[in-house]
There are 4 protein chains.
Amino acid sequence: MSTHHFTAARWYNSIGTAEPALTIADGDTVVTETIDANGWDKHGEKVCDGPNPMNGPIAVAGAAPGDTLQVTIDAMRPIKDTGWTRDVLATNVVDPEDIRALPASERVTWLIDRNAGNCRPESPPPKMEHFVLPLEPMIGCFGVAPSHGQAISTTTSAQNGGNMDYRRFCPGTVVYLPVAVEGALFYLGDCHALQGDGEIVGTGVETCYEVTVTLKVIKGQKIVWPRGETAEDIFTIGNARPLDQALQHATSEMRRWLMEGYGLDIHGASHLMGQTVRYDIGNVYDPAYTVACRISKSWLTKPGLRQD
Amino acid sequence: MSTHHFTAARWYNSIGTAEPALTIADGDTVVTETIDANGWDKHGEKVCDGPNPMNGPIAVAGAAPGDTLQVTIDAMRPIKDTGWTRDVLATNVVDPEDIRALPASERVTWLIDRNAGNCRPESPPPKMEHFVLPLEPMIGCFGVAPSHGQAISTTTSAQNGGNMDYRRFCPGTVVYLPVAVEGALFYLGDCHALQGDGEIVGTGVETCYEVTVTLKVIKGQKIVWPRGETAEDIFTIGNARPLDQALQHATSEMRRWLMEGYGLDIHGASHLMGQTVRYDIGNVYDPAYTVACRISKSWLTKPGLRQD
Amino acid sequence: MSTHHFTAARWYNSIGTAEPALTIADGDTVVTETIDANGWDKHGEKVCDGPNPMNGPIAVAGAAPGDTLQVTIDAMRPIKDTGWTRDVLATNVVDPEDIRALPASERVTWLIDRNAGNCRPESPPPKMEHFVLPLEPMIGCFGVAPSHGQAISTTTSAQNGGNMDYRRFCPGTVVYLPVAVEGALFYLGDCHALQGDGEIVGTGVETCYEVTVTLKVIKGQKIVWPRGETAEDIFTIGNARPLDQALQHATSEMRRWLMEGYGLDIHGASHLMGQTVRYDIGNVYDPAYTVACRISKSWLTKPGLRQD
Amino acid sequence: MSTHHFTAARWYNSIGTAEPALTIADGDTVVTETIDANGWDKHGEKVCDGPNPMNGPIAVAGAAPGDTLQVTIDAMRPIKDTGWTRDVLATNVVDPEDIRALPASERVTWLIDRNAGNCRPESPPPKMEHFVLPLEPMIGCFGVAPSHGQAISTTTSAQNGGNMDYRRFCPGTVVYLPVAVEGALFYLGDCHALQGDGEIVGTGVETCYEVTVTLKVIKGQKIVWPRGETAEDIFTIGNARPLDQALQHATSEMRRWLMEGYGLDIHGASHLMGQTVRYDIGNVYDPAYTVACRISKSWLTKPGLRQD
């Protein structure tokens, strides 16, 4: 198992089938620095345009349609002392009648204290002088190339992943993505130092990170929607509008996982999900919204899809 | 402050303006036993028809339109050794194409161990033999009479509360409801021994509880949607379909609370909500879905609306 | 068959079970003058508060739960020389990002020429000097009492009818409503001189009409959602949010009608609906939206549910 | 102005930036034969895979980002004696609780009588023996390459057009599409001999057509969503889920058109739209639904965007 230090020379605003920027062996680790959602790098240079420029694609030898790509988020290290957010609630998360009262949303700078591991607005609004938040880094946008020659905008998400903006895509989480093309073609970028549920100001704390991921192919394992595993939970992802449909996709995927992966029948899966499920809202801002369906591993007898 | 032991003699399937079954002083406590969602009492007798029969209405002296009713859920004591659930995922929470594969959902019995404080299916499905869940009691349906002569079915919910099926409506939580008629006219029932997010089998563990609530009028405090406070958080509730709209209502109500109640400006409220908010899905089964918008009290300088 | 001239002495803002203001025989005709959506009568007097005050309830002898009430809209005669509309698109029908650019919506007067049969804004905006529209009167809100003690606000609609704001509820149309209580308890009001699809400024041309309806009980005929019949078409109504769900209700009701009422099998119903159906959007403004599913009678072998 | 007879040698399942199969001058006409949604040609040969294989891309000289491509659908000539449909309502257009009662949907053959200009199911279901429908041909899927390197699946639609399945995309209609790349890169395919609103069995009568279109660049005219013009009406298109959002896009685009193109102020646009608008549902089956917002040209003083 090798470790590759990958420096992107160009970036993509759509996740599709393109010439691999790097090809690795199954199980290899990649360390790469990302730029922010608008294309600014750690030096404050604008190196490309938004939305959400991606590093990649990274081809994984042996990955083929019908397989699953296991992405372990090993580490995220902040590499910049500032980030930015929008400063007013997005129009689509409040009552339509309230929108006229909202001022235009501006980009504001946040200070990132890498030693202390926290961040705060550079110019705190009144009564927010002590508003200092611990860093909870996450990858906003990552995924694999979709089928049928599609190239899907990094503003949105689909079965192949994409701009899901879910805060549990953080160090320690293992993610599973459905492979649709030879080599899988993995992309990542758009890291956040922090983000609330729903990304309801339209941004997390947008900044640059050094990300370490390990990519492994699970041959012959077919999944429909992204899945994940943390120390405590397994979860499934649905990406769609409205939230109701995103939730349906995530719930259907969890039912399949519990029945096919853990051997429960429909009644067992229904009891477990009905009385213990937790739903998280990844984002309710992007063109496709993201809902996670999450189950505690305390009820399960084996880890997720991992083969290690 | 008196404590009233209230025994319902009739039950309501709609929350509206009706003759008070009990009138109490501002600040009094009420202890009452509820029957289950289908009208079965703790002795196993069917005493009325569903859906979700309510105890009440309880008039609170002095409550008037434009006030807020503060409902403290003091305690919930299980009073029955069984409960029931549906045993298959509801049709509206899975992908439409998956529905044909779901068998019809049946009512199944759960055993409640009141001493041990847990519950389990009477006939566990395969691999679920050790599926024993701690009791996490909650009130599924409660609210106050709405305006304009409306009487709203206990299958659904609105600004006045109702069938919200949210698991944080549990002992220790303080709930705030907008008063629309003289005396507020409070109803409650439909208790669950436990429920996952979304109530996605269409039920929690449906059973009978003795509930203790303290009702207090906050004069001249106007709110639009239900609000709540736990030891850790404040939260607001939106009830509507689709989930997107329920989330908009809850988010708008939280913005109002933070700005009017805590003195934040729109940027402060947006920073706080944008980077720290948590969303919970109460139910995604009833005619109106329920979403909670939740903020940690660690960022706030005073308790919710409480005046005690 | 008698004709009753009914003058309302009080009005209702919710459709529920209340003391009948008039009781008629099965098949009788009622002539009644309505007031406008805000409670102004034909003399310009405000006689009650909005929303959408209803004349009624009218009990029909012999109607019982499980029956259908057939409402023939015989005639609508304008009785006022003015009406009013809102003058800016509603916030929920445009993109959220466009809302900030919309000015506040004001009430503006329209002139109704009863002889010429047309109407126009009293103060036409630039380039609208010749904007004179033929009257196309319709009943905005009407329905029967719902089940379970509910009283449903006249701002919204449900299986029992209500504020559907559909322009084919006009003279010549026969409407079928599901009876849920003894006597059916029919209400009507909120007439429009004209309205586009969706009621997207939040109003039609709101004014007062003399309405003539004939009410007939179809014993033992059970329907779920309102149905209707014009000279050319049959249609079914779904009331819900989002539009998707309203459309599902209307489509399911049409499938039932074609299969149970016209003897088609699922393939025949699917061919007919799939290749010839027309959908209309009644309103996309009220709390519940309204969608009609419409099929040309040219493919059908008998009239709707009528027994005459 | 030349006329090109274009024979596709390969087909695309996504609409994106690809090597032009044909380059034409501004204003030229193209005649091309399409294959059906599953890749069957007029000879009954399967020449490629679905979904909805596209002829193209056709580059139009001079078209550049920010322009509008005017597509006149000059003619559609049926070139096959059969078509096919699905034979059961789609799962997403009926109430979830009704889905279990629906049999699996099968592909069935329809006979097309090109001389008589009608079609009918080869094996009519009971009571449908006389169900013979006039041909009303339309283009199900067509559009131009989107921005940012996207390639959008022909199962769905977006601002660039795509699988809109709207029955007014028929001969005589002029369509306007927003150009996002050099040459516009126009694609088309997926023709239907007939289709009801919503494409609610998941298909129209799917078959092969010879299509004649004339492509013209309107320089410097920027639009956001597709627009169209028939002999009677102008219309705008929104593509999204749920229907509510598709309707918002279409309504916002019509407001822009009326204000920027016809000089109405917001009140004039609101009066016109509020009291006369018609909404059509193109499809309620594809990943993005399609809604058209339509206004009669009788109120307008000039044709759409046409410069001829």
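Where is the place of Pro226(B) in chain B?

**View 1. The loop position of Pro226(B) in the predicted model.** In this predicted model, Pro226(B) sits in the loop that lies between β17 (209-218) and β18 (227-229) of chain B. Because 34 C-beta neighbours fall inside 10 Å, Pro226(B) counts as buried, the threshold for that class being 20 or more.

**View 2. Surroundings of Pro226(B).** When its neighbours within four places in sequence are left aside, the contacts of Pro226(B) are Gly161(B), Val175(B), Tyr176(B), Leu177(B) and Ile237(B). Ala250(B) stands 24 residues from Pro226(B) along the chain, and the C-alpha atoms of these two residues are separated by 8.7 Å.

**View 3. The contact between chain A and chain B.** To this contact chain A gives 52 residues and chain B gives 52 residues. On the side of chain A that touches chain B, at least two residues are supplied by each of α1 (243-262), α2 (266-276) and β20 (278-283) of chain A, and the largest share, 9 residues, comes from α2(A). Sorted by class, this side of chain A comprises 27 nonpolar, 16 polar and 9 charged residues.

**View 4. Chain D and chain B as copies about an axis.** Chain D is superposed on chain B by a rotation of 180° with 0.0 Å of shift along its axis, the RMSD being 0.0 Å, and the two copies are therefore related as by a two-fold rotation axis. Within chain D, the C-alpha nearest the axis belongs to Arg100(D), at 2.4 Å from it. Of the interface residues of chain D, 100% are also interface residues in chain B, so the copies meet through the same surface.

Terms used
Residues are numbered from 1 along each chain as its sequence is written. Chains are lettered from A and ligands numbered from 1 in the order in which they are written. This is a predicted model: local features need pLDDT of at least 70, side-chain atom pairs count only at pLDDT 80 or more; totals for chains, interfaces and linings use all residues. Two residues are in contact if their C-beta atoms, placed from the backbone, lie within 7 Å. Helices (H or I, at least four residues) and strands (E, at least two) are DSSP runs, numbered from the N terminus. Ala, Val, Leu, Ile, Met, Phe, Trp, Tyr, Cys and Pro count as nonpolar, Asp, Glu, Lys and Arg as charged, and the others, Gly among them, as polar. Copies are superposed by least squares on the C-alpha atoms of residues with pLDDT of at least 70 in both. A residue is buried if 20 or more other C-beta atoms lie within 10 Å of its own, exposed if 12 or fewer, and partly exposed in between; C-beta atoms are placed from the backbone.
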